[in-house]
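Keep the viewer open as you read.

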Amino acid sequence: MKNIEKYQNLISKGEVDALLLTSKHNRQYAAEYCIAEGVAVICKTQSYYFTDFRYIESAQKNLPGFAVKMVDTEHPYTKLINEAISDNTVKTIGFEDDTLTVEEYTLYNTKLNAVLHPYAAEINAPRASKEPWEIEYMKKAQEITDRTFDDLLNVIHPGMTEKELAIRFDYLQLELGAQGNSFSTICASGENGSLPHAIPGNRKLRKGDMITLDVGCKVGGYCSDMTRTVALGEPSAEMRKVYNTVLEAQRLGREALAPGKSCYEIDKLVRDYIDSQGYVGRFGHGLGHGVGIDIHENPRLSMTCHDTVQVGHILTVEPGIYLPGVGGVRIEDTCLVTPEGNEPLTPATKELIIL
């Protein structure tokens with residue numbers, strides 16, 4: 001089924017007459033093509049895409065199923081949207097209340113001839129379960145990330161900086177065909193490993209360091225996501241224990257990820273295990289998240305999410321332990337939920353690699 005049809009089926013429920021898509025990720029999802037700027041309006045039987053001179057030619061070529069119109073000073077977004085509203089007898093329009101700014105909301109609420117209805121949860125929901133073609137893009141992205149990781153293991157050496165390592169990773173992914181990064185590459189070495197989202201800096205790699213690499217790229221607009229922690233020389237006994245604990249926690253999370261399971265319960269299982277090993281409070285983020293067009297999507301494996309895992313979801317399982325002043329370890333797989341359980345899209349070994 002085309003994604004635009006999913007949105008039209010959503011409208012057919014009768015809660016709203018149309019959808020106003022202003023965020024880049026949901027415009028891309030509906031159109032199955034990324035236009036950097038614009039607004040999409042999905043009606044029950046007709047859909048529209050409005051963008052400016054910079055992108056109009058690309059939109060006209062790549063958005064079948066949409067009536068594409070150009071925005072300019074005489075035809076601002078609100079005027080073109082009102083024309084669509086009039087042509088389709090739209091009285092209520094669902095909007096993305098999780099991303100629309102106050103300024104944008106005020107403009108649309110003042111200018112549009114329809115009642116704005118908060119509808120972000122409903123608009124975002126179809127993205128959670130992936131179509132086969134979406135899964136293929138994500139598998140291709142992960143293949144690139146995995147190949148890059150393997151290549152990078154051959155160049156890591158004492159004296160190179162975290163920033164140099166991150167830049168090398170980014171370059172290799174592009175060279176292998178990635179469109180770009182899924183997110184800013186995370187490279188955290190030694191004591192910086194206690195920072196879950198460390199920014200690669202000028203710290204030089206040293207013998208004995210644990211190095212956490214959280215990496216990913218995009219293919220066809222879809223993300224890969226993988227974290228591995230490697231050792232540069234023999235790690236300390238303490239960090240080896242941390243690694244083994246995270247590895248077991250990750251295995252428990254992977255085995256628990258299956259259709260019908262509660263996101264909260266999977267997170268709790270892993271969190272309780274890490275706490276039981278003497279690391280209470282040292283795993284401070286959620287166990288995982290959905291991945292797709294965005295690097296962080298619903299559902300979430302976390303203490304606050306009670307959603308049920310379903311076939312077609314693609315979720316990360318990424319426990320970590322972070323010890324301030326000492327270092328940290330995180331191990332992450334991205335997994336496709338299947339009727340039998342899940343299939344990891346991240347084939348790189350999780351056994352401790354000592355370089």
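A residue is called buried when its relative accessible area is under 20%, exposed when it is over 50%, and partly exposed in between (1.4 Å probe, protein chains only). What you see is a predicted model, in which local features need pLDDT of at least 70, side-chain atom pairs count only at pLDDT 80 or more, and totals for chains, interfaces and linings use all residues. Residues are numbered from 1 along each chain as its sequence is written, and side-chain values use heavy atoms, with hydrogens and water left out.

Start at Ala249, which counts as buried because its relative accessibility is 0%. Leaving aside residues up to four places away in sequence, Ala249 touches Val270, Tyr273, Ile274 and Pro319; contact here means heavy atoms within 4.5 Å. The C-alpha atom of Ala249 is also separated by 8.9 Å from that of Glu318, 69 residues apart along the chain.

Now for the charges. The structure holds 22 salt bridges, each a side-chain nitrogen of Lys or Arg within 4 Å of a carboxyl oxygen of Asp or Glu. One of them joins Asp267 to Arg271, with the closest N and O atoms 2.9 Å apart. Asp267 is buried, at 1% relative accessible area, and Arg271 is buried too, at 9%.

Another salt bridge brings together the side chains of Asp52 and Arg54 (2.7 Å, N to O).
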